[in-house]
Amino acid sequence: MKTPAFWNKKSLLSTCLLPLGWIYAGATALRLKLKKPFNAEIPVICIGNLTAGGTGKTPTAAAIARLLQEQGYSPFFISRGYGGKLQNIIVAPQKHRAVDVGDEPLLLARTAPVAVNADRKEAAILARQNGADIVIMDDGFQNPGLHKDLSFIVIDGEVGLGNFRPVPAGPLRENFQKGIARADAAVIIGTDKTNVRSILKNIPVFAGKIKPQTPPFSSGARVIAFAGIGRPEKFYHSLQECRAVIVKSFSFPDHHFYTETELQKLINEARKENAVLCTTSKDFVKIPPNLRPFFCVLEIGIAWQDEDALKDFIFQNLPQTKSKNHHK
């Protein structure tokens, strides 16, 4: 899905769609109210958001998992496995493909084990049975099935919360005030261009930015870029930060599964333009192994503005369910 431009402002179209938005937000509120969440018996951290579309949840989840690993925890991610066909499994990157488990679980599995189940309760049980002492939910802030000990909402600083209206009139997945009341902290990724921090007065706010790793091409290289993520522009900006010269770019819907024909067209385009073909790590896992040598990946991470403050917040607020003292 590509984020509609009118979600950024209160337009006539947005106003016409507002009654549907109220129904959507009301249904979310009702679902959260009626279902009693399951207690997984180990701490659960949720990395979610208030808006539809890509905000940086997956790299944030991976970054927080690494902080936990540094302190001696054995975190597992749980994911519904969007786009995959297998359920109730632990992802095996050597064996599973994106069509089996979805793109994000394959990506997260490079950092920590991933339990896949559309039922978050069952995923948490599976993770615990396989050695998890803490669970990280990648998405699921609006999912009432699992008790959360710590909930972060991730906000893309570039676009903020748009026009503050619920889907389909705007980007919000639920009523803003109700969502903020359930969140323990917010993470703003990138420059806060809409000054969203000023309205997040009742919860701690942590800032981070997408940081490209060492690029797989030389400075000034001609690059054909493509991505199937929530906001492909972020990826293109990262390439430019690495001094790539983008000669063409191709944007696909979020979670897009590439056909061999599409990939071959991209390879042909790169040959024609004498350019490097570059994509995101989330897209790369969906490319068949036999075609991967034709593509390169720009890896990214999160650079925290104050990593120590974030670590202190997490470890001060996690329930200490084990006798082992994790916090160094």
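A: Let us begin with a backbone angle at the end of a helix. The model is predicted, and just after H5 the residue Gly 131 takes a positive phi of about 110°.

Q: Which residues other than glycine have a positive phi?

A: Two such cases may be cited here. Glu 41 has a phi near 75°, and Asn 88 has a positive phi of about 55° although it is not a glycine. Glu 41 lies in the loop between H1 and strand E1 (44-48), while Asn 88 lies in the loop between E2 and E3.

Q: Is Glu 41 buried or exposed?

A: Accessibility is read against cut-offs: under 20% relative accessible area is buried, over 50% is exposed, and partly exposed is in between. Glu 41 is exposed, because its relative accessible area is 57%. Asn 88 has 39% and is therefore partly exposed.

Q: What does Asn 88 touch, leaving aside residues up to four places away in sequence?

A: Contacts show what surrounds a residue. Asn 88 touches Val 116, Asn 117, Glu 122 and Leu 126 on that count. With Asn 117 there is also a polar contact, side chain to side chain, at 3.0 Å. By contrast, Ile 23 is 65 residues from Asn 88 along the chain, and their C-alpha atoms are separated by 32 Å.

Q: What covers the buried residues of H5?

A: The cover includes four strands: E2, E3 (89-90), E4 (114-116) and E5 (134-138). One of the buried residues, Leu 126, is also among the residues that Asn 88 touches.

Q: What is found at the start of H5?

A: Here one looks for a side chain that reaches a backbone nitrogen. A side-chain oxygen of Asp 119 comes to within 3.0 Å of the backbone nitrogen of Lys 121.

Q: Where is Ser 79, and what does it touch?

A: Ser 79 is found in strand E2, which covers residues 75-79. It is buried, because its relative accessible area is 6%. Beyond residues up to four places away in sequence, Ser 79 touches Pro 105, Val 114, Ala 115, Val 116 and Asn 117. Val 116 and Asn 117 are also touched by Asn 88.

Q: Is Lys 311 buried or exposed?

A: Lys 311 has 16% relative accessibility and so counts as buried. This lysine is found in helix H10, residues 307-317. With residues up to four places away in sequence left out, Lys 311 touches Leu 67, Glu 70 and Gln 71.

Q: How does Leu 13 read on the accessibility scale?

A: Leu 13 is partly exposed, because its relative accessible area is 46%. Its place is in helix H1, residues 12-34. Leu 13 and Asp 312 are 299 residues apart in sequence and 44 Å apart in space, C-alpha to C-alpha.

Q: What can be said of the chain as a whole?

A: The chain contains ten helices and 13 strands. For 328 residues, a compact globule would have a radius of gyration near 20 Å; the chain agrees with this because its value is 20 Å. Along the principal axes, the C-alpha atoms fill a box of roughly 55 × 50 × 40 Å. Buried residues make up 53% of the chain. Of the contacts with a separation of 6 or more, 74% are between residues 24 or more positions apart.

Q: How are the surface and the charges described?

A: The chain exposes about 15,300 Å², and carbon and sulfur atoms supply 52% of it. There are 42 positive and 29 negative charges, and their mean positions are 3 Å apart.

Note on methods. Residues numbered from 1 in each chain as written. Predicted model: local features only at pLDDT ≥ 70, side-chain atom pairs only at ≥ 80, totals over all residues. Heavy atoms only, no water. Helix = DSSP H or I, 4+ residues; strand = E, 2+ residues; numbered from the N terminus. Rg over C-alpha atoms; globule rule 2.2 N^0.38 Å. Buried < 20%, exposed > 50% of the residue type's maximum accessible area, 1.4 Å probe, protein only. Contact = heavy atoms within 4.5 Å. Areas by Shrake-Rupley, 256 points an atom, 1.4 Å probe, with all protein chains shown as cover. Lys, Arg positive; Asp, Glu negative; His and termini not counted. Charge placed at Lys NZ, Arg CZ, Asp CG, Glu CD. Polar contact = N/O pair within 3.5 Å; in protein donor to acceptor, adjacent residues only side chain to side chain.
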